[in-house]
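Subject: Structure for your review

Dear colleague,

Please find below the structure that I am handing over to you. My notes on the salt bridges follow it.

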Amino acid sequence: MGCLSPKLYTAAQVREMDRHAIMDHGISGYELMERAGRAAFVHLQRMLTDTGSTDTAGHKILVVCGGGNNGGDGYVIASLAKTKGYPVDIVALVPPEKLQGDALRAATVWRGLGGSTRTAGQIEFAGYHVVVDAILGTGLQRPVEGEFRSLIERINAAPCRVLAVDIPSGLNADTGQPMGVAVEAEVTVTFVGLKQGLFTGSAADYAGRIYHETLNVPNVIFEAQQPSAELIIESEVNTILPPRPRGSHKGDYGHVLIIGGDFGMAGAAYMAGSGALRAGAGLVTIATRREHAVSLGGGRPELMCHGVEAPDELEPLLRKASVVAVGPGLGRSAWGRSMLTKTLDSHHRLVLD
């Protein structure tokens, strides 16, 4: 990923940001489209040059354009590539003369440069270095079908690098799940607000490296929207977990009690305990089946493992704990239910699995 803001937004929120930029701040829709195209072209050029070859002019580019503003972005990118001397072709899923508004204007500029368009059936993807996905944007509401689905499947099967414009086509901008099928991009350049669907669901399998371009819209536009979610980024983690004083000791960093690991599921409690230690807990105790206590402690001596068969045996362990995690490998037996009930009745600070 590139340098990202921690704030995420729904597709509807980002559309509202676009509307405010146009209606309240005097930025035309076509200006936003041009800014998006220019920003994406910068990243496209990087993809063309990061191979180490100096003959980047010989790298052929294919831009696949849909019928909306996402397709309009694609026409802007293709026009920029053509003026820079790159061999570039466009596949138009919607004939340019049937486009409307800003997308039609972008297609007209492309034609004014002598550019033409092809149909999907006239293209062999293997001849291109980079394919630019400008097919479908964030407004997709139903599964991808027909020619659009077929073309996305061809892109995914091709031996080309893929740059997605704003969001990989077919990926739901809110859930991060493919709508039947989605483009598998190497790079995604997204605009204005970061869409939460680029970081949720199955997005990691489709978005590749994510670069965020705000298109220089005023900060007040972002301030007017409450983020739908936030990323956990390294700078925030470093603030929450600052360097520890050299004179500190394990007792200064909390005591985690993990309750779980019924017969056949001891590994879950072990992994939870190891995770707590890795996260920085000073002390970690596992309350588990008596038969598991010795083997768990032998595998990771930092873990303090206690065999607990009756709920009352949890009492001294609960008193010492700063926080309790109950559930890893707890199972559904009478033992697990009794452990859970006792823990819930303790009114302790809990993490429930």
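Glu186 is partly exposed, with a relative accessible area of 26%. In this predicted model, its side chain meets that of Arg161 in a salt bridge, at 2.6 Å from N to O. The two residues come from distant parts of the chain: Arg161 belongs to strand β5 (residues 161–165), Glu186 to the loop between β5 and β6 (187–191), and 25 residues separate them. Arg161 has a relative accessible area of 18% and is therefore buried, since the limit for that class is under 20%.

Glu186 also forms a salt bridge with Arg209, where the closest N and O atoms are 3.9 Å apart. This pair, too, links distant parts of the chain, with Arg209 in strand β8 (residues 209–213) and Glu186 in the loop between β5 and β6, 23 residues apart. Arg209 counts as partly exposed, at 33% relative accessibility.

A further salt bridge joins the side chains of Asp166 and Lys195, at 2.7 Å from N to O. Asp166 lies in the loop between β5 and β6 and Lys195 in strand β7 (residues 194–195), so this contact ties together parts that are 29 residues apart in sequence. Both partners are buried: Asp166 has a relative accessibility of 12%, and Lys195 has a relative accessible area of 2%.

In total, the structure holds 15 salt bridges.

Yours sincerely

Definitions and conventions. Residues numbered from 1 in each chain as written. Predicted model: local features only at pLDDT ≥ 70, side-chain atom pairs only at ≥ 80, totals over all residues. Heavy atoms only, no water. Salt bridge = Lys/Arg side-chain N within 4 Å of Asp/Glu carboxyl O. Helix = DSSP H or I, 4+ residues; strand = E, 2+ residues; numbered from the N terminus. Buried < 20%, exposed > 50% of the residue type's maximum accessible area, 1.4 Å probe, protein only.
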